[in-house]
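Hi,

Here is the structure I promised to pass on. Have a look at it first, and my notes follow below.

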Amino acid sequence: MRIDIISVVPDLMRSPFDGSIMKRAQDAGLVDVYFHNLRDYTTNTYKQVDDYPYGGGAGMVLMIAPIDKCISALKAERDYDAVIYMTPDGNVLNQGTANQLSLLKNIIVLCGHYKGVDQRVRDLFVTHEVSIGDYVLSGGELAAAVLCDSIIRLIPGVLGNETSALTDSFQDGLLAPPVYTRPADYNGHKVPDILTSGNTPKVDTWREEQALAITKKKRPDLME
Ligand code: 6GU
C-alpha cells in the first residue's frame, strides 16, 4: 500500500509514523508513506496556500490551486483508489471503514486546516470524507495519523501475530475481553483461574462471555 499525505504542516504528523507498528510496517516494505507540503505546490512568490473566504466570515480557506497541483502531480505518476479528505463534517471513522480502506493500493489523504478547503476541492477531487469523532481539532493532521494507524495495522503481515488484529476491540463488533500477564497473584489480586488452567476451549468461551458482558455494560449501542 502507498499513502500520500498532503498538509500545510506535515511535521506535525511525522513522529507517529516513526515508531511502533507504523514504522515496522514501513521498514518491512508493507506500506510506503509520503508527506507533501502544500507550500511546495504554490505558484506565487509568497508561497500562499490560503485566502479569505468569499462572502466574508472568520478564518482562512485553503485554496484550490496548490491542492490541484499536488494531487495532479501524484495522479500523473500512478492511479489512486481514494482521495480522502480529513474533516470534522466527514463520515465518522469506524472499524468497518478502516477494514475497507486497508484493502486499497494507493490512497491520498488530504488534511484540512484553518476553516477547511475550497468546496471545489471536495467536489472535484475528493472521494471519501472522514472525521475521527464529534469534536473539533485544529487541523486534519492528527486525525490523518489516527486514520493511517487504523488502516496500516490491518495490512496483512504488519502485525506479528496474524490473528492479533482480528481479536481487537470492534473487529467482531464487540469490545475486547480483559487481558492479564504475570504475576498470577499481585499482592492478593489474582488472575481469573480459567486463564491459568491451560484449558483453551474454556478460555475461549470465557473470553467470548466477557466480551459480550463488557460490551453490554460499556457500549450497549454496539449490541443493536
Ligand atoms: Cl478529520 N479534522 C478536524 N479538523 N477536526 C476533527 C476531525 C478532522 N475529526 C474530528 N475532529
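Helices (H or I, at least four residues) and strands (E, at least two) are DSSP runs, numbered from the N terminus.

Before going on, a word on the source: this is a predicted model, where local features need pLDDT of at least 70 and side-chain atom pairs count only at pLDDT 80 or more, while totals for chains, interfaces and linings use all residues. Residues are numbered from 1 along each chain as its sequence is written, and side-chain values use heavy atoms, with hydrogens and water left out.

Back to the sheet. It is open and has five strands, in the order S2-S1-S6-S5-S7, with parallel pairing (two strands pair if DSSP finds at least two bridges between them). Strand S2 (32-37) and S7 are the edge strands, each pairing on one side only. On average, neighbouring strands are turned by 30 degrees against each other, direction ignored. Axes here are lines fitted to C-alpha atoms, for helices over the stretch in contact, and angles run from 0 to 180 degrees between N-to-C directions. Helix H3 (residues 64-77) lies across S1, S2, S5 and strand S6 (106-111), at about 165 degrees to S1; contact means heavy atoms within 4.5 Å.

Now the ligand. The residues around it include Met 86, Thr 87, Pro 88, Tyr 135, Leu 137 and Gly 139, where near means that a heavy atom of the residue lies within 4 Å. A nitrogen atom of the ligand is 2.5 Å from a polar backbone atom of Tyr 135, and a ligand nitrogen is 3.0 Å from a polar backbone atom of Leu 137. The protein covers 96% of the 290 Å² of accessible area that the ligand has on its own (Shrake-Rupley method, 1.4 Å probe). Strand S5 (82-92) and strand S7 (128-131) are the elements that give two or more residues to the shell, and S5 gives the most, with three.

Two backbone details to finish. Most residues other than glycine have a negative phi, and most peptide bonds are trans. Ser 20, in helix H2 (residues 20-27), has a positive phi, near 55 degrees. The peptide bond from Arg 182 to Pro 183 is cis, with omega near 5 degrees, and Pro 183 lies in the loop between helix H6 (141-152) and strand S8 (185-186).

Cheers

Methods
Polar contact = N/O pair within 3.5 Å; in protein donor to acceptor, adjacent residues only side chain to side chain.
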